[in-house]
Amino acid sequence: MTANENAPASNEGASRLHHPAVDSTPSGHRSQITDQLDRFNSAWVAQGHPPIGYRTDAGANQLLPVGPPPDSCRLLLSGALWGSQKAVKNAATLVHPEDLDEPHRTIWAAICALAARGITGAQAVMDEIVRTGDASQPVRDELTQATTAGGVPEAIPYYCAQILAGHFRRAVESHGTGLVGWCATAGEDELWEHIITGGTRLRGLHDRLTAARKGAGDAHE
């Protein structure tokens, strides 16, 4: 066998490795990342594997995210970072910062404060967090994650409803457990005050949950 008899396979591999595929992204939308993905995909196919499905007919598509899916709190932050001032202000009336745990609480408070002044956007939120002295590393990391989490601004009411639904159930459980403990030791007037105070707080939370459900198109008429 001559050396030339081995050439086709070698040349074919080199051609696939160095030349863009026919469905390559238009030059106006290319980037170094796209080029690297093309080269890796060509080499992968040259080894006999099926092509990696990171393209659509319109060109390069978003790669599937790695790791667990984001929770409702992160999706709320993400949608609000890319949403309109009106959408964020409406959400701020439903989900209050104290409804969230850290680091979501700090970021949501900054988002709401900025929206009230007519400002939205991830960079503005980071600047506000730094300005107020709340830019701890967990907060910075969460803001970075939320910026690219894929939250949809149009789905903000759904995120609000999901967050409030969980918060409402936890609050009911906490209040009920507290009442059981107070029953044996609290005076009658004190026990009644606990019932009124806790019940009022739960009613307010339920009202916000109901409003969020209506905004999400999920209310029972």
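Guide: A crossing is called left-handed if the near helix is turned anticlockwise from the far one by less than a right angle, and right-handed if it is turned clockwise. Helices (H or I, at least four residues) and strands (E, at least two) are DSSP runs numbered from the N terminus. The model is a predicted one, in which local features need pLDDT of at least 70 and side-chain atom pairs count only at pLDDT 80 or more, while totals for chains, interfaces and linings use all residues. Residues are numbered from 1 along each chain as its sequence is written, and side-chain values use heavy atoms, with hydrogens and water left out.

The chain has 9 helices and 2 strands, arranged from the N terminus as α-α-β-β-α-α-α-α-α-α-α. Of its 221 residues, 30% are buried, where buried means under 20% relative accessible area, exposed over 50% and partly exposed in between (1.4 Å probe, protein chains only). Among contacts (heavy atoms within 4.5 Å) with a separation of 6 or more, 66% join residues 24 or more positions apart.

Glutamate 98 counts as exposed because its relative accessible area is 52%. Its C-alpha atom lies 8.8 Å from that of alanine 109, 11 residues away in sequence. Just after α5, glycine 118 adopts a positive phi of about 80°.

The buried residues of α5 are His104, Thr106, Ile107, Trp108, Ala110, Ile111, Cys112, Leu114 and Ala115. An α-helix has 3.6 residues a turn, so residues three or four places apart point the same way. The buried residues of α5 pack against α3 (72-82), α4 (85-94), α6 (122-131) and α7 (137-147).

For the packing angles, axes are lines fitted to C-alpha atoms, for helices over the stretch in contact, and angles run from 0 to 180 degrees between N-to-C directions. Angles under 35 degrees count as roughly parallel, over 145 as roughly antiparallel, 65 to 115 as roughly perpendicular and the rest as oblique.

The axes of α3 and α5 are 11 Å apart, at an angle of about 25°, which means that α3 is roughly parallel to α5. Their crossing is left-handed. From α3, the contact draws on Cys73, Arg74, Leu76, Leu77, Ala80 and Leu81, and from α5 on His104, Ile107, Trp108 and Ile111. By class, this contact has 8 nonpolar, 1 polar and 1 charged residues; Ala, Val, Leu, Ile, Met, Phe, Trp, Tyr, Cys and Pro count as nonpolar, Asp, Glu, Lys and Arg as charged, and the others, Gly among them, as polar.

With α7, the axis of α5 comes within 9 Å and crosses at roughly 65°, so α5 is roughly perpendicular to α7. This crossing is right-handed. His104, Thr106 and Ile107 of α5 meet Val139, Glu142 and Leu143 of α7, a set of 3 nonpolar, 2 polar and 1 charged residues.

Histidine 104 belongs to α5 and counts as buried because its relative accessibility is 12%. Leaving aside residues up to four places away in sequence, histidine 104 touches Asp71, Cys73, Arg74, Leu77 and Glu142.
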